[in-house]
Amino acid sequence: MPGEGEAMVEARAEESGIREFWQQNPCGETLVDQGTEDWAAFFATYDEYRYRTEGHILGWLDYLNVDGLRVLEIGLGQGADAEQLIRRGARWTGIDLTAEAAARTRRRLEMKGLQFDDVVQGSARSLPFPGASFDLVYSWGVLHHIPEIGLAQAEIARVLKPGGRLAAMLYAKHSLNYWLAITVVRRLALILMRLLRPGAGGIVGGHLANARRLGMARYLRLENFIHANTDGPGNPYSKVYEAAEIERDFDRFDLIETRKDFMHAPPLPVRRLPFGKQLGWHLMALLTKKPA
């Protein structure tokens, strides 16, 4: 068993790898073709795609009723939700592990003349804010990428005011994507691709390289395979959640409610199936900080 100092070194090494991956692969960038340094056009195209394909995000933001609240957003992507929170009246601060996401979000907000408190590059494991600073912490699709989630949730609780809320989207374990696409279809497909096209490139090539490095049997174990099958074969870490795991990992909070949406199970064509509330990939959780 590693000592406390060794464990912290391992944690920093993990965070460094996660930072490098997302710095090189800004969240959402590949969903639309940038093709230019016209950032206004890119942001407009990205937002149109994001909220057309994931319209439940806007409904979730409306439900949170952020008008007049001090809101901290953890994980910024292209800054789309930051803009939506501010336009809904939030007094907004944002933090991202990568310099790229922080810079893009600041560029977006300044280009549009939107008022905000701050944009910071930093870690959710050590939030650079005083205690009891925020009414709401919002995070969409980020906290499931933090291996040491216990540190992050303790920091989130620290910066929230008494009774403050955490609103997070986490990948759903009880989803078509996890139980069918990842657990069955993609594992079988990888075995076939290794037999039929061992020299394939692209995403398939990335998975084949992972399998060569770890060994196919080891790579196909779900505890390994899940990381590379949410956000690309180079993704260092991902976790899937159900309600019981949220309660266990976020023990500084009471779980108030969960919702699911977004039919997503590539390569299966399931987007139009009407089962998002039962088998969706996005698990939205609303939690409140426990009394001290």
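**View A. A132 is partly exposed in this predicted model****.** The relative accessible area of A132 is 39%, which falls between the 20% limit for buried and the 50% limit for exposed. Look for A132 in the loop between β3 (118-121) and β4 (134-140). Its backbone is worth a glance too: phi of A132 is near 55°, a positive value in a residue that is not glycine.

**View B. F262 is a buried loop residue with positive phi****.** Here phi is near 80°, again in a residue other than glycine. F262 sits in the loop between β6 and α12. With a relative accessible area of 7%, F262 counts as buried, because the cut-off for that word is under 20%.

**View C. P266 and P267 are joined by a cis peptide bond****.** Omega for this bond is about 10°. P267 belongs to the loop that links β6 (253-261) with α12 (276-279).

**View D. Helices α2 and α5 cross at roughly 100°****.** The axes of α2 (residues 39-53) and α5 (residues 99-111) come within 11 Å. On the α2 side, the contact is made by W39, A40, F42, F43, Y46 and D47; α5 contributes R104, R107, R108 and M111.

**View E. A nonpolar patch lies on the surface****.** Its members are L180, V184, L188, I191, L192, L195 and L196, and together they have about 660 Å² of accessible area. One of them, V184, is found in helix α7 (residues 176-196). V184 is partly exposed, at a relative accessible area of 35%.

Conventions. Residues are numbered from 1 along each chain as its sequence is written. This is a predicted model: local features need pLDDT of at least 70, side-chain atom pairs count only at pLDDT 80 or more; totals for chains, interfaces and linings use all residues. Side-chain values use heavy atoms; hydrogens and water are left out. Patches are made of residues with over 30% relative accessible area and no salt bridge: like charges are joined within 9 Å, nonpolar side chains (Val, Leu, Ile, Met, Phe, Trp, Tyr) within 5 Å. Accessible areas come from the Shrake-Rupley method with a 1.4 Å probe; for residues, only the protein chains shown count as cover. A salt bridge is a side-chain nitrogen of Lys or Arg within 4 Å of a carboxyl oxygen of Asp or Glu. Helices (H or I, at least four residues) and strands (E, at least two) are DSSP runs, numbered from the N terminus. Buried means under 20% relative accessible area, exposed over 50%, partly exposed in between (1.4 Å probe, protein chains only). Axes are lines fitted to C-alpha atoms, for helices over the stretch in contact, and angles run from 0 to 180 degrees between N-to-C directions. Contact means heavy atoms within 4.5 Å.
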